[in-house]
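Please look through the sequence and the structure shown here before reading on.

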Amino acid sequence: MYARAVAATTTALLGAVALLLPVHDARGIGARPEVIAHRGASAQAPENTLAAVDAAAGLRVRWVENDVQRTKDGALVVIHDDSLRRTTDVEEVFPGRAPWQVKDFTAAEIAQLDAGSWFGSAYAGARVPTLKEYLRRVEHHHQKLLLEIKNPQLYPGIERETLKVLSNEGWLDRRHLAGRLIVQSFSADSLRAVHDLKPAVRTGLLGKPPEADLPGYARFADLINPSHTSVSQGYVSAVHAVTGPHGKPLEVFVWTVDEAATARTMAGYGVDGIITNKPDVVRRSLPRS
Ligand code: G3P
Ligand code: CA
């Protein structure tokens, strides 16, 4: 009788403990998700500028995300929109050039633009960085980079060119490949191209493909990176159950999470990374692992 009572109590206690334990994720039980500064610390400084990288470093955030596109004369630059209009003064500097597409301007023209004043006068004179300048600043701060190839359909061959700049800047050595670089895109074709050209590079597919399609994407993608609004704990577990091109479970970085409560929910789902404009808010909201 006593033994049965002890056994029942033990079972109940174990059940309660299991409920309190963080869920299993691809990097181990209860690992704290990585925090990734979206377009740099973009709530603090103008997105995708060196100032936003510096702001992330000031917050001691290890990961930054950016967006890479190509100029008319073939330079790779860091900017989100396909037009220069929202985040620079291009309309004033080049009034006759609507719709001000990145691909229609040379690197020298883009270098003249102010990419900071729209955000705040303290950032007047900030520039649209080249990928080379950006990589050097990230390296300077010993940070890690989630590099998004943006709008690859506008820039045929951008995958090879991006890898060339990464290589020239020392970002394809073993140390960077092992843990400091992920290339992501909404385009599966673009990621497949990156993987075929340089299989050692880790890649992430943006979006939420059906679970049945995950094994196909896992031939060339190491991560599946959906909007936080679209994921469930079941989906995260389904992604983790698939093995990626480097022999490890696929991982999940969700975007763009700026609320503490949402960050906690995502951590409870077992995501591996949280991409945020407010890395300080997200980091504060997560329990230490
Ligand atoms: O890193 C995820 C996120 O950057 C994808 O959306 O439009 O901000 O590039 P977007
Ligand atoms: Ca992006």
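This is a predicted model: local features need pLDDT of at least 70, side-chain atom pairs count only at pLDDT 80 or more; totals for chains, interfaces and linings use all residues.

Residues are numbered from 1 along each chain as its sequence is written, chains are lettered from A and ligands numbered from 1 in the order in which they are written, and side-chain values use heavy atoms, with hydrogens and water left out.

**Strands**

Helices (H or I, at least four residues) and strands (E, at least two) are DSSP runs, numbered from the N terminus, and two strands pair if DSSP finds at least two bridges between them. The table lists some of these pairings.

| Strand | Partner strand | Sense and bridges |
|---|---|---|
| E3 (residues 34-37) | E11 (residues 273-276) | parallel, 4 bridges |
| E3 | E4 | parallel, 2 bridges |
| E6 (residues 144-149) | E7 | parallel, 4 bridges |
| E7 | E8 (residues 202-206) | parallel, 4 bridges |

Strand E7 has partners of its own, for Val183 in E7 is the bridge partner of Leu147, and Ser185 stands opposite Leu205 in E8. From E7 the chain crosses through helix H8 (residues 188-197) to E8 in a β-α-β crossover that is right-handed, a term that applies if, with the strands pointing away from the viewer, the path from the first strand over the helix to the second runs clockwise.

Strand E7 (residues 181-185) is mostly covered, with 5 of its 5 residues buried, where buried means under 20% relative accessible area, exposed over 50%, and partly exposed in between (1.4 Å probe, protein chains only). In a regular strand the side chains alternate between the two faces of the sheet. In E7, Leu181, Val183 and Ser185 point one way, whereas Ile182 and Gln184 point the other way.

**The calcium ion**

Which residues are the protein donors of the calcium ion (ligand 2)? They are Glu65 (OE), Asp67 (OD) and Glu148 (OE), lying 2.1 to 2.3 Å from the ion; donors are N, O and S atoms within 2.8 Å of the metal (3.2 Å for Na, K and Ca), and water is not among the atoms, so sites may look incomplete. Distant parts of the chain are linked here, as Asp67 belongs to strand E4 (residues 63-70) and Glu148 to strand E6, 81 residues apart. Asp67 is buried, with a relative accessible area of 0%, and Glu148 is also buried, with a value of 4%.

**A pocket and a cavity**

On a 1 Å grid over the protein atoms alone, a cavity is a set of points where a 1.4 Å probe fits but cannot get out, and a pocket is an open set with protein on both sides within 12 Å along at least five of seven lines; lining residues have an atom within 4 Å of a point. Grid points are joined across faces, edges and corners, and a volume is the space filled by probe spheres set on the points.

The largest pocket has a volume of about 280 Å³, and of the 14 residues that line this pocket, Arg202, Asp222, His246, Lys248 and Glu251 are the closest to its centre. The structure also holds 1 cavity of 30 Å³ or more. The largest cavity has a volume of about 70 Å³, and its lining residues include Glu47, His80 and Trp118.
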